[in-house]
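Biologist: I have the sequence and the model side by side. Can we walk through it together?

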Amino acid sequence: MELTTIFPTILFYVFAAVMVVSSLLVVTSKNPVHAALFLVLAFFNAAGIWLLLKAEFLAIVLVLVYVGAVMVLFLFVVMMLDINVNRMREGFWGYLPMALGIGAFIVLEMALVLWNGFNTVGLSSEAAALNLGGTRELGLLIYTRYIYGFEIAAVVLLVAIIAAVALTLRKRKDSKAIDPGAAVRVKRNDRLRIVKMEAVNQRAIDEANVAAAAAAANAAAAQNKEQNP
């Protein structure tokens, strides 16, 4: 074999091995920050594999969007939130059989898709990779042939966003918070009420109070004089 064919193969196996190891470390790491950093490493190696497939657009999007934006946001959220890791790991072994079953099912689906793709491929690898990273070809495929999958992925991402908000929404006694639902449902009469009151002459009230105090003092003095002539 020539060096031009051996070197990309070696790079592919290196990128794939590092990505598999970093993916396993994402799942098995006890520290959430370390898990997020291993996920960044997995994204970088996936971008390298995309570059080997001549899909430059997908590689740069993976680095800019996921590594540059999404993972940085994950790191900020993980570092700012007070996450109790021990409490999160409670009941891990109870969910392990279900997780293994779902994982095996996903692996079987991917194997069937790849096997079907290998059997039905009609073009050579060089010809198939010519337009793999083009934005025009990707747009045509996404919004025509794979439109339903694209919409399902959008719904899944929406559900993930709602789940993330619901999981991080905690009520704490040492912080003041408002109920957004109650703030939205509030009406004008609940915020302000106009009450009609009669006018009050504060000066007359003060003078009456002074006169009453003076009369009470005079009465007390007179009573004291009668008791002690």
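Biologist: Start with one residue. Which residues does Ser 22 touch, not counting residues up to four places away in sequence?

Modeller: Contact means heavy atoms within 4.5 Å. With those sequence neighbours left out, Ser 22 touches Phe 38, Leu 41 and Ala 42.

Biologist: What kind of model is this?

Modeller: Residues are numbered from 1 along each chain as its sequence is written, and side-chain values use heavy atoms, with hydrogens and water left out. Local features need pLDDT of at least 70, side-chain atom pairs count only at pLDDT 80 or more, and totals for chains, interfaces and linings use all residues; this is a predicted model.

Biologist: How many helices and strands are there in the protein?

Modeller: Both are DSSP runs numbered from the N terminus: helices are H or I with at least four residues, strands are E with at least two. Along the sequence the pattern reads α-α-α-α-α-α-α-α-α-α-α. The count is 11 helices and zero strands.

Biologist: Is Ser 22 buried or exposed?

Modeller: Ser 22 lies in helix 1, residues 3–28. Buried means under 20% relative accessible area, exposed over 50%, and partly exposed in between, with a 1.4 Å probe and protein chains only. Ser 22 has 1% relative accessibility, so the class is buried.

Biologist: Which backbone oxygen does the side chain of Ser 22 reach?

Modeller: A polar contact is a pair of N or O atoms within 3.5 Å; within protein, one must be able to donate a hydrogen and the other to accept it, and residues adjacent in sequence count only if both atoms are side-chain atoms. At 2.9 Å, the side chain of Ser 22 reaches the backbone oxygen of Val 18.

Biologist: And which backbone oxygen does the side chain of Ser 29 reach?

Modeller: Ser 29 sits in the loop between helix 1 and helix 2. Its relative accessible area is 15%, so Ser 29 is buried. At 2.4 Å, the Ser 29 side chain reaches the backbone oxygen of Leu 25.

Biologist: Now the packing. Which residues make up the largest nonpolar core?

Modeller: Such a core is a set of buried Ala, Val, Leu, Ile, Met, Phe, Trp, Tyr and Cys residues joined through side-chain atoms within 4.5 Å. The largest has 10 residues: Ala 36, Val 40, Phe 43, Ala 46, Ala 47, Ala 59, Leu 62, Val 67, Met 71 and Leu 75.

Biologist: Which helices each supply at least two residues of this core?

Modeller: In soluble globular proteins, nonpolar side chains tend to be buried together. In this core, at least two residues each come from helix 2 and helix 3.

Biologist: How far apart are the C-alpha atoms of Ala 47 and Ala 59?

Modeller: Ala 47 is in helix 2. It is buried, at 5% relative accessibility. Leaving aside neighbours within four places in sequence, Ala 47 is in contact with Ala 59, Leu 62 and Val 63. Ala 47 and Ala 59 are 12 residues apart along the chain, and their C-alpha atoms are separated by 4.4 Å.

Biologist: What angle do the planes of Phe 43 and Tyr 66 make?

Modeller: Rings of Phe, Tyr and Trp (its six-membered ring) pair if their centres lie within 6.5 Å; planes under 30 degrees apart count as stacked, over 60 as edge-to-face and the rest as tilted. By this rule there are three aromatic pairs. Phe 43 and Tyr 66 form a tilted one, 5.4 Å centre to centre, with the planes at 55 degrees.

Biologist: How many residues apart in sequence are the parts that the pair of Phe 43 and Tyr 66 ties together?

Modeller: Phe 43 is buried at 18%, while Tyr 66 is partly exposed at 40%. Phe 43 lies in helix 2 (residues 32–52) and Tyr 66 in helix 3 (residues 56–80), so the pair ties together parts whose separation in sequence is 23 residues.

Biologist: What is the phi of Lys 54?

Modeller: Most residues other than glycine have a negative phi. Lys 54 lies in the loop between helix 2 and helix 3, partly exposed at 46% relative accessibility. Although Lys 54 is not a glycine, its phi is positive, about 65 degrees.

Biologist: How many of the 22 residues of helix 8 are buried?

Modeller: Helix 8 covers residues 147–168 and reaches 32 Å from its first C-alpha to its last, close to the 32 Å expected at 1.5 Å a residue. That expected span is 1.5 Å times one less than the number of residues. Helix 8 is hardly covered, and its count of buried residues is zero.

Biologist: What share of the 229 residues in the protein is buried?

Modeller: Of the contacts in the protein with a separation of 6 or more, 59% join residues 24 or more positions apart. As for burial, the share of the 229 residues is 10%.
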